Amino acid sequence: MKTVLIVAGLALLTGAAWAQEDLVIDQTRLYVTDPAACQALEKQGVDAWMDMDFLSLSFTGGIQSMEFHCNFYDVKSRPNTPLLFVDAVCEMPGALYPDMLAIAPNGADSIIVVSGSETTLGLAGSDAPPTDNPIGTTLYHRCDNLSEIPLD
């Protein structure tokens, strides 16, 4: 009986691991840090950034907000893994810097983006604002219902 339970438990764990590997990042969609931003963008277009504080990410346009932008120069993937590696150049008023991003699925409709620059600054004791995610990590939610927002 114990053997049957152990085999059944291992089969369940293996199935869960395979299910996680099946997640794919939809690179044709727009992702935002605040799920409410999807609806705001649909109703207000680019004016949504005036009313809300959020970041957007598209694989053709990079990461954008009112005063911050990262251009993606190279998006790399490997067979048999959903992970992506991105070379980027980021800028904000008074600052320009290179960055490397690791992007992974975080479920069926969200991704996690880890910034090499933000992680380094955070670990060096920078005064980064507190967050629920590890240092340098940002959670983005996929917008599935946008009709007119260009991704470029």
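**Exercise 1.** Which cysteine does Cys70 form a disulfide with, and how far apart are their sulfur atoms?

*Solution.* Keep in mind that we're working with a predicted model.
- Step 1: Look for the partner. Cys70 pairs up with Cys90, and their sulfur atoms sit 1.9 Å apart.
- Step 2: Check the cut-off. A disulfide needs two cysteine sulfur atoms within 2.5 Å, so this pair counts as one.
- Step 3: Cys70 is in strand E4 (residues 69-77) and Cys90 in strand E5 (residues 84-92), so the bond links distant parts of the chain, 20 residues apart.
- Step 4: Find the handedness. The torsion about the S-S bond of Cys70 and Cys90 is about 105°, so this disulfide is right-handed.
- Step 5: Check the surroundings. Both Cys70 and Cys90 are buried.

**Exercise 2.** Work out where the disulfide of Cys38 and Cys143 sits and which hand it has.

*Solution.* 
- Step 1: Start with the bond. The sulfur atoms of Cys38 and Cys143 are 2.0 Å apart.
- Step 2: Locate the ends. Cys38 belongs to helix H2 (residues 36-44), Cys143 to strand E8 (residues 137-143), and 105 residues separate these distant parts of the chain.
- Step 3: Read the torsion. It's -85° about the S-S bond, and the link is left-handed.
- Step 4: Buried or exposed? Buried means under 20% relative accessible area. Cys38 has 8% relative accessibility, so Cys38 is buried. Cys143 has 2%, so Cys143 is buried too.

**Exercise 3.** Find how many disulfides the whole structure has, and write down their pattern.

*Solution.* 
- Step 1: Count them. A search of the whole structure turns up 2 disulfides.
- Step 2: Number the bonded cysteines along the chain. The pattern comes out as 1-4, 2-3.

Definitions and conventions:
Residues are numbered from 1 along each chain as its sequence is written. This is a predicted model: local features need pLDDT of at least 70, side-chain atom pairs count only at pLDDT 80 or more; totals for chains, interfaces and linings use all residues. Side-chain values use heavy atoms; hydrogens and water are left out. Helices (H or I, at least four residues) and strands (E, at least two) are DSSP runs, numbered from the N terminus. Buried means under 20% relative accessible area, exposed over 50%, partly exposed in between (1.4 Å probe, protein chains only).
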